[in-house]
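Colleague: I am new to this structure and would like a close look at a single part of it. Could you take me through the charged patch on the surface, and then through what lies around it in the sequence?

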Amino acid sequence: LATYGSAANERSGNALVDVPVGSDFVVHLDANYSKTGDLRTGGFLLSPALREQALASPDPAIQALAGLRGRMPNSQGRTWDIAAGAAWIHGDNNVGFSINRFDSLYGIPVRFSLDPAVAAEEVRIDLAQTRMDGRAEIDTGSGFIDSLRLRGGYSDYQHSEIDDTGAVGTTFFNTGYEGRLEAVQSTRNGWGGGFGAQYYHRSLETVGAEKSLPVNRTSQLGLFALETYSRGRLRAEAGARYEHQSVDADADAIIGNPALGRSFDAFSGSIGAAYGTRAIRLGVNLSHTERAPSAEELFVNGPHPGTQAFEIGDPDLSKESSNGIELTLRGSGDGYSFGASAYYIRFNDYIYEQATGAIQDDLPVFQYLQADARYRGFEIEGSLRLARIGAFTLNADALADHVRATIETSGPAPRIPPFRLLGGIEAQSDVVNGRVELEWVSGQDRIAAFETRTDGHVMVNASLSFHPFGQGNRSAVILSANNVFDVVARRHASFLKDFAPLAGRDFRITAHFSF
């Protein structure tokens, strides 16, 4: 697979091979490399609110920031990864393992300061990870337990934050391992399901003058069970999970925290049912979820280049819990399919990250807080065959989604995406496929304190794919144009959205060969 994209001068390639060895073994190898330059955007880098502030400044250098457009400084990057694995497969029994190495060096978009005394800093992230995974599935016969599944993994991760002088500010070292054992029940008289246990441990250490976290360790032990029942038009299921989590942190003079330790017991469960046929199916699901705060939410106290923010945790956070209900309606038939869901979730002690309006280390301060909250939203999607014209089938599809989230003590929750519509028309044949799609995103005016509104946008994308050997062969040449009209688009959920818009017009060519 080879790709070129114009917006960031992207050059990427990927290759994989699966080799059977004898009748029961297979060996896998894959590799990927990509390199990009600075991203070209559709217009001004700064949002309208920041441009207005820049133009109001008496400093000519700050006023000039309002005119920045086009290429986004320090957004280039390069990434490579390589993975290998092998598996033994014999009937319903299998054992496999894999090892992966991932390496990336990329820039963080510059947060341009509107304070003449503060110089903008270009930070790059140098990241590397080695991960090993293993799995096994054993067929136990025809008893109560149909099979046993075992999975395990180990990860060694680190990244360094490099400033524009080449000096390393902080390095993160993160090692972790996890394991999961699951017993799958035999299906009898419509009943099925499974149960098991899962363990996870992570150790995180940061080194450097700009560290934001103390050395900390997180351990989680979970026990879970799922029961299903299916008969005729009815399908029902119920699940439960218990999780014990312990988090402890060493004393650290640099960020000013004492040795701390917390432990939590969390219980979650759900019950749901769906009734109907393939043509139409109605479902309801009730859930109760509890979540323990993470080490970052508890202990962070310092700059975070990835979000260009100074983040402050709260070691006294309690676990978060929620109760929710979701209604679903789905169906499909000859030439059509549809789905719709609506949900309401009420949170107790909801954990969220909120801007405070303060500035520290030349970065905006974000504080982890806790309060009751409520979410409600919906998602609707569908597809329809419009016509058959010669060798082509003409299809249309559409999707709409919306969420409204409120913190009961303060109003709108931060960084909530606005209402979105996505629709497309596609012509399909055995050799050539063409598609045009339109995404309309409304402006987000329902914002939290110290948050800026985000303008809406309409983005048009188009693609044409050619399958020289027919649909049965994956080989293809794909031409695409994203953001055809070069509009300025920002994602409201992004910490960087006020100075890092999405890509502008991007022409891409991809060649995919398979044999």
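Modeller: Asp115, Glu121, Glu122, Asp164, Glu210, Asp361 and Asp362 together form a negative surface patch, and please keep in mind that the model is a predicted one. One of these residues, aspartate 361, sits in the loop that runs between strand S19 (336-360) and strand S20 (363-389), and this aspartate counts as exposed because its relative accessibility is 52%, where exposed means over 50%.

Strand S19 also holds aspartate 349, which is not a glycine and yet has a positive phi of about 55 degrees. With a relative accessible area of 32%, aspartate 349 is partly exposed.

Turning to the aromatic rings, the structure holds 11 aromatic pairs. In one of them, phenylalanine 347 and tyrosine 350 are tilted, with 4.9 Å from centre to centre and 55 degrees between the planes, and both of these residues are buried. Ring pairs also link Phe347 and Tyr350 with Tyr352 and Tyr375 into a cluster.

Another tilted pair is made by phenylalanine 378 and phenylalanine 419, whose ring centres are 6.3 Å apart and whose planes stand at 50 degrees. Because phenylalanine 378 lies in strand S20 and phenylalanine 419 in the loop between strand S22 (411-412) and strand S23 (420-428), this pair ties together parts that are 41 residues apart in sequence. Phenylalanine 378 counts as partly exposed at 31% relative accessibility, and phenylalanine 419 likewise counts as partly exposed, at 24%.

Definitions and conventions:
Residues are numbered from 1 along each chain as its sequence is written. This is a predicted model: local features need pLDDT of at least 70, side-chain atom pairs count only at pLDDT 80 or more; totals for chains, interfaces and linings use all residues. Side-chain values use heavy atoms; hydrogens and water are left out. Patches are made of residues with over 30% relative accessible area and no salt bridge: like charges are joined within 9 Å, nonpolar side chains (Val, Leu, Ile, Met, Phe, Trp, Tyr) within 5 Å. Accessible areas come from the Shrake-Rupley method with a 1.4 Å probe; for residues, only the protein chains shown count as cover. A salt bridge is a side-chain nitrogen of Lys or Arg within 4 Å of a carboxyl oxygen of Asp or Glu. Lys and Arg count as positive and Asp and Glu as negative; His and the chain ends are not counted. The place of a charge is taken as NZ of Lys, CZ of Arg, CG of Asp or CD of Glu. Helices (H or I, at least four residues) and strands (E, at least two) are DSSP runs, numbered from the N terminus. Buried means under 20% relative accessible area, exposed over 50%, partly exposed in between (1.4 Å probe, protein chains only). Rings of Phe, Tyr and Trp (its six-membered ring) pair if their centres lie within 6.5 Å; planes under 30 degrees apart count as stacked, over 60 as edge-to-face and the rest as tilted.
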